[in-house]
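Here is a short briefing on a protein chain with a ligand, to be read beside its sequence and structure. The points after the lead are grouped by topic.

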Amino acid sequence: MAVLTMQNRKGGVAKTTSVVHLATVPALAGKKVLAIDMDPQGNTSQVFMAMREGEKDISDLLFFDAKIEDIIVHSKYGVDVLPNNKKIQRPDKFFYQSGRKDKDLLLLRNAIESVRNDYDLIIIDNNPSADTFSDMSLIAADYVLIPVDSANFSYDGIQDELQDFYNIKENFNDDIELLGVLLAHIKPQTKLLRTQHDAYDKIFDSLLLKAVIRDDNQIAEALARYMPVYFYNKKTNAGADYIEVAKQIGIISLDEYTELSRSYIGKKNRFLPSFMQKEE
Ligand SMILES: Nc1ncnc2c1ncn2[C@@H]1O[C@H](COP(=O)(O)OP(=O)(O)O)[C@@H](O)[C@H]1O
Ligand SMILES: [Mg+2]
């Protein structure tokens, strides 16, 4: 029912990683989830093994009247995927060359209308630039999450992202809400983290999520093998962290969290920095 978009015009800040895992966590809890891949690189489609190069994809749905049920791939990880098969490499160029206008930015919103109620969560991955595709995602969404890589932290990047958000909110999508900024790639030395967290939180006026994702090569290894981390190694640091984030942003219930914790969170991979405990 809720549509969540992952936005940050920088590359390599864990947008795709966050989409893959925040889609997988509720699916593991039995919820119906659709991941939409708006990035022509197709990384989310690849991880869910939903990419079929040369076949119809999200662009056929947006621009050529394809039927959504003919494009959705039921992945073996329990997440449905609207794949990007790299058919349109430069969405902006295509959009304007095909004579599209601003009102056509509603294309994604309209395209998913018919399946909106079939899913508990629809989550959108985006390409790392501000273009018509990322605007379409913001217009289609109820919520925005901005992942940032704290190692290569870019204040300007986030300011730009917030500007896009307010712009779309004002002109196209009144109802959209900012869920927050997610530190998606942090080194877990707690003292440094605490300082960093407080500093960022000040800058973003409490937009920073309490739950954070630790740097964890298990997740990179899993993704390189085209699988969400839970199917590669059940109990990992980043895997546990994504379950905490899912709980915090409300895409799984407390009961579902408790249930998932049994299988995927142990003493060794649980991570509760002090700024997180305060909230409990
Ligand atoms: N928590 C993490 N720990 C270690 N590596 C990570 C983590 N999150 C993401 N990565 C790696 O960082 C790189 C960029 O992440 P990705 O999700 O593809 O970013 P984006 O989609 O924003 O370009 C990938 O190689 C990914 O495997
Ligand atoms: Mg990506």
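Axes here are lines fitted to C-alpha atoms, for helices over the stretch in contact, and angles run from 0 to 180 degrees between N-to-C directions. This is a predicted model, in which local features need pLDDT of at least 70 and side-chain atom pairs count only at pLDDT 80 or more, while totals for chains, interfaces and linings use all residues. Residues are numbered from 1 along each chain as its sequence is written, and chains are lettered from A and ligands numbered from 1 in the order in which they are written.

**Overall fold**
- The protein chain holds 13 helices and 7 strands, these being DSSP runs numbered from the N terminus (helices H or I, at least four residues; strands E, at least two).
- Its radius of gyration is 18 Å, close to the 19 Å that the globule rule gives for 280 residues, so the chain is as compact as a globular protein of that length; the radius is taken over C-alpha atoms, and the rule is 2.2 Å times the number of residues to the power 0.38.
- Along its principal axes, the C-alpha trace spans about 55 × 40 × 30 Å.

**Helices H1 and H11**
- The axes of helix H1 (residues 15-28) and helix H11 (residues 237-248) come within 9 Å and cross at roughly 75°.
- That makes H1 roughly perpendicular to H11, a term that covers angles of 65 to 115 degrees.
- His21, Leu22, Val25 and Pro26 of H1 make the contact with Tyr242, Ile243, Val245 and Ala246 of H11, where contact means C-beta atoms, placed from the backbone, within 7 Å.
- The residues of this contact divide into 7 nonpolar, 1 polar and no charged (nonpolar: Ala, Val, Leu, Ile, Met, Phe, Trp, Tyr, Cys and Pro; charged: Asp, Glu, Lys and Arg; polar: the others, Gly among them).

**Leucine 28**
- Leucine 28 lies in helix H1 and counts as buried because it has 23 C-beta neighbours inside 10 Å; the cut-offs within that distance are 20 or more other C-beta atoms for buried, 12 or fewer for exposed, and partly exposed in between.
- Leaving aside neighbours within four places in sequence, leucine 28 is in contact with Gly78, Tyr230 and Leu260.

**Around ligand 1**
- Ligand 1 is surrounded by 19 residues, of which the closest are Ala14, Lys15, Thr16, Thr17 and Ala220; a residue counts if its C-beta atom, placed from the backbone, lies within 6 Å.
- Helix H10 (217-224) and H1 each supply at least two residues of this shell, and H10 gives the most, with 4 residues.
- By class, the shell has 9 nonpolar, 7 polar and 3 charged residues.

Key. Angles under 35 degrees count as roughly parallel, over 145 as roughly antiparallel, 65 to 115 as roughly perpendicular and the rest as oblique. Two residues are in contact if their C-beta atoms, placed from the backbone, lie within 7 Å.
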